Every structure is written in structure tokens, then in C-alpha cells.
Amino acid sequence: MKTTVIGAFPKISDDQGGQELRRALHRFDRGEIDASALDQVFDTVTRSAIAELEGAGIDVINDAQIRWDDLFAQFARSWEGVSRGPLERFYDNNTYFRQPVIERAISTGGRTLVRDFEFARTAAKTQLKAAVCGPLSFATLTAEDRAYKSLEERTFAVADALAAEIRGLGAAGATLVDVEDPAVAARPDLIALARAAYERLAKAGVPLAIQPYFFPADKVIEALATFPVAQVGIDLCSRDTKALSALGVLRTRTVVLGVVDARNTRLETEAEVATIIEAAAKVVGADRVWAAPTAGLEYLPHDVASRKLAVLVKGARAAMGVPA
């Protein structure tokens, strides 16, 4: 069993040096530093976040997504034919994102995240995974589409662009890519479309982990067992769910259990985390269970996020019978 993280880690904190990125962004907006200097600060904060994730004992980390303004920003900035549009609330979170606007057919060279992943590899000492946004979330949260005639066409176009990004990450050394796609659980009526989109992602040839966080997976869990992915994330904390009792359908996948709530400052106990992990391990086997926060910890203050990581690791070790 392993521990991992999903999504972004807090970029700002009250610790010494924790305001460095905020100050740099303000200075960049005022024209006091150039893009190269800002990039250096992003690299510094990314290196620090990676060190914190590793220091907490997380087995499989990401690059903390320090450069991601929101789930879609990296792609909307980079892809030809797409721009960042109006601000909208991100599901029921107290955060906002800029909705993508599709102006013409999407195209990409597939290197949007390669530089950042390659930098993270130089900083990471433990196993590093990559991440992309989910095709269904991108397609359903698009503000305006001037290129495609239907949601299906748009979803497949986004999936093809993401497949190119995944191929690029694979060539850069990524052996696992999270696909962060809350719409898969939020829109169970579109599960067949989502599965067809993931068939396109799978053609990139890199193992995928679908992460449909924020919503209970109860209505889609059986379908998720048929997706062409290596791992399936299940959010067990954000809302009431009976997914834990239905994990048997995922026996052929690794299950990434969201066992600490990334959107609630209440700190879980080591025993609570261990109990959930133990219950899941009895169903799918301990070797097929990874433990994680439910989503990115960016929704929490930095100190709370750090304590959540500590509880996650201690709970996982307790479930495995390893002394803390």
C-alpha cells in the first residue's frame, strides 16, 4: 500500500518565506520583474513543496501544481484555439476558475507540462507522477464553443489534445498520470461519453489514474471498473457515500482512497484513516490500495494541509501495522 497526493498543494503560507510567490506575482504585475525572474520563484516554491511532500512521508508525489492557477489554466493558455474566459465558481468550492473558451479547432504540440515535469524530476527523490485535467470536466465547464457542434465532439477534441499531452509526459519519463475529472462523478448521465473519451486518452500508452473527486462515486462506480485506467480514485469524505461497500467491483484496479477531506479544516484522526484503509484492503487487497487526500489540498490553509498529510501517513502506517 502507498500514500499519494492529488492536485495542488497550497502555494502561500504564513511561514517564513511563505509569501515569496505572492510578492513575486505582485512585482510581476507591476512590471518590476520579468517572466524569467517569476519562473525562478515558481521553481523555488515548487522545489520547496516537493520537499515538504517527501518530508511528510508521501510515497508517490506530484509537482504540487504550483504553476496551476486552476484545473484548466495551463491548457487554456497553451493550446491553439482556446483562451481563458469568464470567472466562474468551481463547483461548490469557495474558489473560482476561468472557464475555457474554444474559438477554433483545438491543437497542441503535447508539451504543455513537459518542462515543469522535467524540473520536478530533478527535485524529487521519491516516485513522481504527472497530472492533466479531465476531458469531461473541461468540456462541460467550457463557457463558449465556436468550433464543435456538440458536447460529444467537444469532449473528444479535448480528449485528443490531452492524449497528446500525456504522450509528451510519457516521453519525459512519466509512468503514471492523474486525470483530474470531477465531472465524471458530478454528471453520471454522461458516463458513457466519459468512458469513450478515456479510450482516447489510453491510446497515449501511459498508465492513467482517474480522479473524479468532490462527488460520491456511487452512481458511476460500476462503470468506472470498465474504464481503461490503472487506478480509480474514490472520494470517501466530501459527501455521504456508500462507495466503500461497493469497492469489490474495482478488484482489478488500484483504488486511490480519498481518506482525508481536502476541503474541510477538521483534522481526521489516525484511527479514522486506518479504519477506512483496513476496510478497503479487505475487499480489494492491501496491494491495490493507495491512500490520499480527497482532492488538492490548496483549499486549506498551509498549516492545516501539512497536518492532514501527517495524519494520512500515520493512518496508513497504522493500517499496515508499521510503527509511526
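A residue is called buried when its relative accessible area is under 20%, exposed when over 50%, and partly exposed in between (1.4 Å probe, protein chains only). This is a predicted model, in which local features need pLDDT of at least 70 and side-chain atom pairs count only at pLDDT 80 or more, while totals for chains, interfaces and linings use all residues. Residues are numbered from 1 along each chain as its sequence is written, and side-chain values use heavy atoms, with hydrogens and water left out.

**View 1. Asp-43 and Arg-67 form a salt bridge.** The term salt bridge stands for a side-chain nitrogen of Lys or Arg within 4 Å of a carboxyl oxygen of Asp or Glu; the count by this rule is 24. Here the N to O distance is 2.9 Å. Asp-43 belongs to helix α2 (residues 35-55) and Arg-67 to the loop between β2 (60-61) and α3 (73-78), 24 residues apart. Helices (H or I, at least four residues) and strands (E, at least two) are DSSP runs, numbered from the N terminus. Asp-43 has a relative accessible area of 13%, so it is buried. Arg-67, at 12%, is buried as well.

**View 2. Arg-67 also meets Asp-116 in a salt bridge.** The N to O distance is 3.7 Å. Asp-116 sits in helix α4 (residues 114-123), 49 residues from Arg-67. Both Asp-116 and Arg-67 are buried.

**View 3. Asp-178 pairs with Lys-129 in a salt bridge.** Their closest N and O atoms are 2.8 Å apart. Because Asp-178 lies in strand β8 (residues 177-180) and Lys-129 in the loop between β5 (127-128) and β6 (130-133), the pair ties together parts 49 residues apart in sequence. Asp-178 and Lys-129 are both buried.
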